[in-house]
Amino acid sequence: MSYIAGFVAAVPAANKEAYRNFVAKAASVLKEFGTTRMVEGWGDDVPGGKITDFRGAVKAKSDEVITFSWHEYADKAAADAAYHAMMSDPRMAEIGAPMPFDGQRMIIGGFTPFIDLNTTGETGYIDGSLVPVSAANKQAYFAVAAKQAAVIKEHGATRVVEAWGDDVPDGKITDYRGAVKATGDEVVVYAWVEWPSKQVRDEAWKKVIADPRMYADAMPYDNQRRVHGGFATILDA
C-alpha cells in the first residue's frame, strides 16, 4: 500500500521563486531517501469559506499564498525512514537556511490512500481538499468517494486520490483537525484531483456539477467544513 505525506503552508507571494527553488533542491535530496514523487501546488483559486478554508487553516497573512503539496512513498515504513533520514541530513538544513516561509504554521500529516484512480498524463493543475469524516462513517465515505471519483475521472481528470488520516498530529499553532474543525471521532481525509490544465479543470467541473450521479448518495460528512481550493503545479518531481 502506498503512503502520502501531505502538507499545507502559507508562503509570502514575494517569495514564490525562493520557495520554488527551495522545494526543487529538497526534492533532489528526498529522492535519495525513497520519495517516489513530490508535487507542489501554488494557490490559484482558493476561496474563503464561512466556517473553514485553506487560509484559516494555516493562519495566512494578507500577503501570503497557500501551497498544497504531497510526497509519495511505497509504504508507511518508507515514509518514516525518509523522514528520519531527512531530519539528520545536513544538506536539508543548508537548503532551508533561511526558510522562505513560516514553517511553524505549516500543516503536516501522514495518510493512507484508499482511492487512487490514475492514468498517465501531465499534471498542470490540482484541486486539493481536506474533509472531516467520522470514523463510524468510514466505509460509507469510501463508497461515496469511489463513485464520485469515477465520475470526475470520466470528465477529464488524470488522477483522483483520497487518503485516510493515519498519522495526523496535533500542532501548537495549526494542524489538520483544526483546519476542518474536526470533532469527536472525526478523521481528516487528504484528497486531490489532478488535471492536465486549469482550462480542462474549469470545463470539467461544469460537467461534474451537472452530473446527477454526483448526488445519488447522501454525504456521510459535514460538507460545510470541507476545505478546498485550486492550485497551479510549480513542481512535479
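Guide: Let's start at Asp116, whose bridge partner in strand 6 is Val161. That contact belongs to the antiparallel pairing of strand 4 with strand 6 (residues 159-167), which spans eight bridges; strands count as paired if DSSP finds at least two bridges between them, and a strand is a DSSP run of E with at least two residues, numbered from the N terminus. Strand 4 (residues 107-118) also runs antiparallel to strand 1 (residues 3-12), joined to it by five bridges. There, Val8 has Ile107 of strand 4 as its bridge partner.

A word on the basis: this is a predicted model, where local features need pLDDT of at least 70 and side-chain atom pairs count only at pLDDT 80 or more, while totals for chains, interfaces and linings use all residues. Residues are numbered from 1 along each chain as its sequence is written, and side-chain values use heavy atoms, leaving out hydrogens and water.

Now for the aromatic residues. Phe111 is part of one aromatic cluster together with Phe54, Phe68, Trp70, Tyr176, Tyr190, Trp192 and Phe231. Within it, the rings of Phe68 and Trp70 have centres 6.2 Å apart and planes at 70°, so they make an edge-to-face pair (centres within 6.5 Å pair; planes under 30 degrees apart are stacked, over 60 edge-to-face, the rest tilted; for Trp the six-membered ring is used). Phe68 is buried, at 0% relative accessible area, and Trp70 is buried with 0% too (buried means under 20%, with a 1.4 Å probe and protein chains only).

Terms used. Buried < 20%, exposed > 50% of the residue type's maximum accessible area, 1.4 Å probe, protein only. Helix = DSSP H or I, 4+ residues; strand = E, 2+ residues; numbered from the N terminus.
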